[in-house]
Amino acid sequence: MSNMIKTDVLIIGAGLAGLSTALSLPKSLNITVLSKAALEVCSSHYAQGGIAASLDKADSVTDHVADTLIAGAGLCATDNTARILGAGQQAVQWLCEQGVPFTQTTLTKENDNTPDFAVLKTSDLHLTKEGGHGCRRVAHADDATGR
Ligand SMILES: Cc1cc2nc3c(=O)[nH]c(=O)nc-3n(C[C@H](O)[C@H](O)[C@H](O)COP(=O)(O)OP(=O)(O)OC[C@H]3O[C@@H](n4cnc5c(N)ncnc54)[C@H](O)[C@@H]3O)c2cc1C
């Protein structure tokens with residue numbers, strides 16, 4: 001068949017989950033990402049606020065878990081919540097290394113208006129505080145984080 005595509009890996013979905021999976025795989029693989037609509041038509045592209053993780057020096061994974069269990073009103077499995085949130089700092093650092101243009105603290109911006117995303121660290125990121133969080137915890141790329 002002329003329209004048959006051969007690929008090592010087929011990923012269905014081109015949002016955060018699909019694209020993160022694609023970026024995590026070895027570069028030697030031939031990877032195909034399928035989307036049922038334009039790349040801009042998915043929840044990931046619409047997400048604005050940012051990504052919550054325990055990144056501030058005054059914060060802790062324990063506090064993040066406690067806030068999340070309260071906000072979850074009994075719907076969150078404690079073990080899974082702790083495992084996911086425990087990987088938050090590492091996950092945001094990985095996004096920094098992929099070149100996500102997270103908003104940085106004013107101090108960093110004053111020092112360098114042309115940020116080198118290759119060296120961006122979670123400690124450089126500006127954090128906002130959203131409902132349910134006991135402290136500043138939300139890393140963001142202006143108001144278009146998902147995009
Ligand atoms: C308006 C809005 C704001 C949000 N704000 C935030 C926020 O600030 N912070 C936060 O953490 N979360 C936020 N969220 C939630 C967050 O966006 C989602 O949890 C996350 O983006 C889900 O990613 P995903 O890859 O699973 O799904 P999506 O990003 O929705 O991607 C799904 C992909 O699958 C494709 N697809 C679906 N069905 C098929 C099919 N049959 N065949 C082929 N492809 C298919 C779609 O085309 C799309 O590419 C927000 C969500 C919305 C809607």
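1. Let me start with helix H1 (16–24), where Gly 18, Ser 20 and Ala 22 are buried (under 20% relative accessible area, with a 1.4 Å probe and protein chains only). Helices here are DSSP runs of H or I with at least four residues, strands are E runs of at least two, and both are numbered from the N terminus. Cover for the buried residues of H1 includes strand S1 (9–12), strand S2 (31–34) and helix H5 (88–97), where contact means heavy atoms within 4.5 Å.

2. A quick reminder on the source: this is a predicted model, in which local features need pLDDT of at least 70 and side-chain atom pairs count only at pLDDT 80 or more, while totals for chains, interfaces and linings use all residues. Residues are numbered from 1 along each chain as its sequence is written, and side-chain values use heavy atoms, leaving out hydrogens and water.

3. Do look at the polar contacts (N or O pairs within 3.5 Å). A polar side-chain atom of Ser 44 sits 2.5 Å from a ligand oxygen, a polar backbone atom of Ala 17 is 2.9 Å from one, and for Gly 49 a backbone N or O atom lies at 3.0 Å.

Terms used:
A polar contact is a pair of N or O atoms within 3.5 Å; within protein, one must be able to donate a hydrogen and the other to accept it, and residues adjacent in sequence count only if both atoms are side-chain atoms. Buried means under 20% relative accessible area, exposed over 50%, partly exposed in between (1.4 Å probe, protein chains only).
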